[in-house]
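Dear colleague,

I am handing over the structure below, and after it I set out what was found there. Please read the notes with the coordinates open beside them.

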Amino acid sequence: MTETPTRADAPEAREALTRVRAEVAKAVVGQDAAVAGLLVGLLAGGHVLLEGVPGVAKTLLVRSLAAALAIETKRVQFTPDLMPGDITGSLVHDARISDFTFRPGPVFTNLLLADEINRTPPKTQSALLEAMEERQVSVDGVAHPLPSPFLVAATQNPVEYEG
């Protein structure tokens, strides 16, 4: 059974958050609101959509946060030809055992940077949404749980900057 946080824990938590924000600020300047949004998403068990024109350090921000928290991160560039299995993983034939084994995709991480999510086909977006909502990936009828914590930081460029 886990202990319920008390008011005595609040200063320690606040100090830890301040240290993380300061560490991220070493690499990314002027993105305090985005850092706060990512931290809230992580603490609340949600996900974050970062929208902005190219070159405003969205990718650097996510990578810096992962480094500050010492959690695993992976990046997927969402393109029009990206297939669902490219992010979730797939069954691969293993000749040594004459059977298929599951090879996890990049979604099996703590912090997934989904770059330009609006450029990919609906089926691939749907596979990512399953992972985000259910915190698992289903391949060939078998559910594979994702690690905890799990946060998707998706980016998209405004419509006029697509491509």
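Predicted model: local features only at pLDDT ≥ 70, side-chain atom pairs only at ≥ 80, totals over all residues.

Two strands are taken to pair if DSSP finds at least two bridges between them. Strand E2 and strand E5, the latter covering residues 111-115, run parallel and are joined by five bridges.

These two strands belong to an open sheet of four strands, whose order is E1-E8-E5-E2 and whose pairing is parallel. At its edges lie strand E1 (48-51) and strand E2 (73-77), each of which pairs on one side only, and neighbouring strands of the sheet are turned against each other by 20° on average, with direction ignored. Helix H3 packs on this sheet, where H3 touches E1, E2, E5 and strand E8 (151-156), and the direction of H3 makes about 175° with that of E5.

Within helix H3, which spans residues 58-69, I would draw your attention to Ser64. Is Ser64 buried or exposed? Its relative accessibility is 11%, and because buried means under 20%, Ser64 counts as buried. The side chain of Ser64 reaches the backbone oxygen of Leu60 at 2.7 Å, and, once the neighbours within four places in sequence are left aside, Ser64 is in contact with Val24, Ala27 and Val28.

How values were computed:
Residues numbered from 1 in each chain as written. Heavy atoms only, no water. Buried < 20%, exposed > 50% of the residue type's maximum accessible area, 1.4 Å probe, protein only. Polar contact = N/O pair within 3.5 Å; in protein donor to acceptor, adjacent residues only side chain to side chain. Contact = heavy atoms within 4.5 Å. Axes fitted to C-alpha atoms, helices over the stretch in contact; angles between N-to-C directions.
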